[in-house]
Amino acid sequence: MAEKTLMKGNEALAEAAIRAGCKCFFGYPITPQTEISAYLSKRMPKVGGVFLQAESEVAAINMVYGCAGSGIRCMTSSSSPGISLKTEGISYIAGADLPCVIINVQRGGPGLGGIQPSQADYWQVTHALGHGDFHALVFAPASVQEMVNTVTKAFDLADQFRMPAVILADGLLGQMMEPVQFEECEIKMSDASKKPWAACGHKNERKHNIINSLYLKPEQLEDTIKERFERYEKVKANHTEAVCDYCEDAEIVVVAYGSTARLAKSAVDAARKEGIKAGIVRPVTLWPFPVNELNEACRNAKKVLTVEMSMGQMVDDVKLALNCSKPVEFLGRTGGVIPKPAEILAKIKEMGGND
Amino acid sequence: MTNEILLAGFGGQGILFMGKMLAYFGLYEDKQVSWLPSYGPEMRGGTCNCSVCISDDPIGSPLVDEPNTLIVMNTPSYDKFINTVVPGGIALIDSTLVDGKCDRTDINVFYVPATALANENNMKGMANIILLGKLLKETNITSMETVRKAMEKVIPPKKAHLIETNIKAIELGMAQ
């Protein structure tokens, strides 16, 4: 399997989940991520796992809640409208401090929106993936191979910090085929008995665990949340990630994530060829946001340009991260329209990259 | 240099399959490749298209809207895409199914009656492969050896008996 082969992003995510030790998948079909379910429906039974097509997205996420509570690695996937349905369950999972992986292959919104690629769920995934004080880890890969590599990382960090992890893709990444290579390795086993909090069999050797997100005493709930936020601080301190190119002398720094970062990279390459000092920062983790990496990359920048497939969402985090020390402009296409590298290049020039 | 290829026709003509073959040609030539299907509602019985990029450098946008190479297998796709081909590019047209004649002089246009050829030669449903053969002849995109390797990879084992017919269809296309 070390051979390079072509796979759709969705299928690659599914295969990577199995190799990361995901034993249970609960899903409900929706374009453009249905290939994840289709692939796992065939593959999961062959490795002794569970594939279950639930009656709805709400059911699927609650099955994840139960399964995660038993300490078994599990996953669900959907696309934008389906993720909205799952948010109640995600909040419960966060409130119960359980690890799981959730994939969002974004499409246009709001409402049923469209089925073409979009990045309009940034605010939802980073700021409000359900009610209450909580965060999820959010990864934004930009290629099919990177999606594969991200899955194991997402499961590992979710387990380590006992929190949900989201892989934020979009229709472009889910539907496209690119070469992928899986490392020769045995399927990882996630050992529930090594999770002291798991509600699994213990042969009466310990007190039984209770998994719950209800705390009626305000002080007790506050303590629980504060403990959770101490864990978040550790995540913020150690697990931010960004890829920076040509930033050392860059006067205009473009910030873009996921598939938009590929388009922006083409534009920045073209700008460099024309002698414009442009650079690019691609946040790989969206929560925690790579604040230090961005500031470092923008050290010599005169202006910053955020490019997204939305009306402008990550741009807020870019401004916050830079503490408004640089002018931040925005270029976006939305509704399923994919920006062209030429549009981005034109914007870079308009921002003064030509003088 | 990125070869941006756009393939278009009706669902069922093997447009996505043709794209997958091309992507494997690139992969086996150690190039960077991407393959992106149209996945909108037009797939259901309507037109279908597929973008393939083959490049020496990492691929930015996998979406091709100004192709170097266009292969069209029906009139709606011909009308929609013929003017998007970049000057100096090439267009391959299944002339059994497309009536139009292109008056552009800045691109190389090849008319191959691929569907008729497939029917006459007991290769029903392989008009796409015949066109691929023609592309091989006109662009030297890859070697016959790589074509066979890609065929063996892309054609599922239970249809392995069709590999030789597919190779013949490639050769028929190359003879046009």
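**Helices and a chain contact in a predicted model**

Helix H8 (residues 218-238) of chain A has 21 residues and spans 31 Å from its first C-alpha to its last, close to the 30 Å expected at 1.5 Å a residue; the expected span is 1.5 Å times one less than the number of residues. Helices here are DSSP runs (H or I, at least four residues) and strands are runs of E (at least two), numbered from the N terminus. Of the 21 residues of H8(A), the number buried is zero, so this helix lies largely in the open. A residue is buried if 20 or more other C-beta atoms, placed from the backbone, lie within 10 Å of its own, exposed if 12 or fewer do, and partly exposed in between.

The model is predicted: local features need pLDDT of at least 70, side-chain atom pairs count only at pLDDT 80 or more, and totals for chains, interfaces and linings use all residues. Residues are numbered from 1 along each chain as its sequence is written, while chains are lettered from A and ligands numbered from 1 in the order in which they are written.

Two packed helices are described by the angle between their axes and the distance between the axes. In chain A, the axes of helix H1 (residues 9-19) and helix H2 (residues 34-43) come within 8 Å and cross at roughly 40 degrees. Axes are lines fitted to C-alpha atoms, for helices over the stretch in contact, and angles run from 0 to 180 degrees between N-to-C directions. That angle makes H1(A) oblique to H2(A); angles under 35 degrees count as roughly parallel, over 145 as roughly antiparallel, 65 to 115 as roughly perpendicular and the rest as oblique. Residues from H1(A), including Leu13(A) and Ile18(A), meet residues from H2(A), including Tyr39(A) and Arg43(A). Two residues are in contact if their C-beta atoms, placed from the backbone, lie within 7 Å.

In chain B, helix H5 (residues 144-154) and helix H6 (residues 163-174) pack at an angle of about 140 degrees, with their axes 10 Å apart. H5(B) is therefore oblique to H6(B). Val147(B), Arg148(B), Met151(B) and Glu152(B) of H5(B) make the contact with Ile163(B), Asn166(B), Ile167(B) and Ile170(B) of H6(B).

Between the chains, 15 residues of chain B are in contact with 18 residues of chain A. Helix H1 (15-28) and strand S2 (32-37) of chain B each supply at least two residues of the side of chain B that touches chain A. The largest share of that side, five residues, comes from S2(B).
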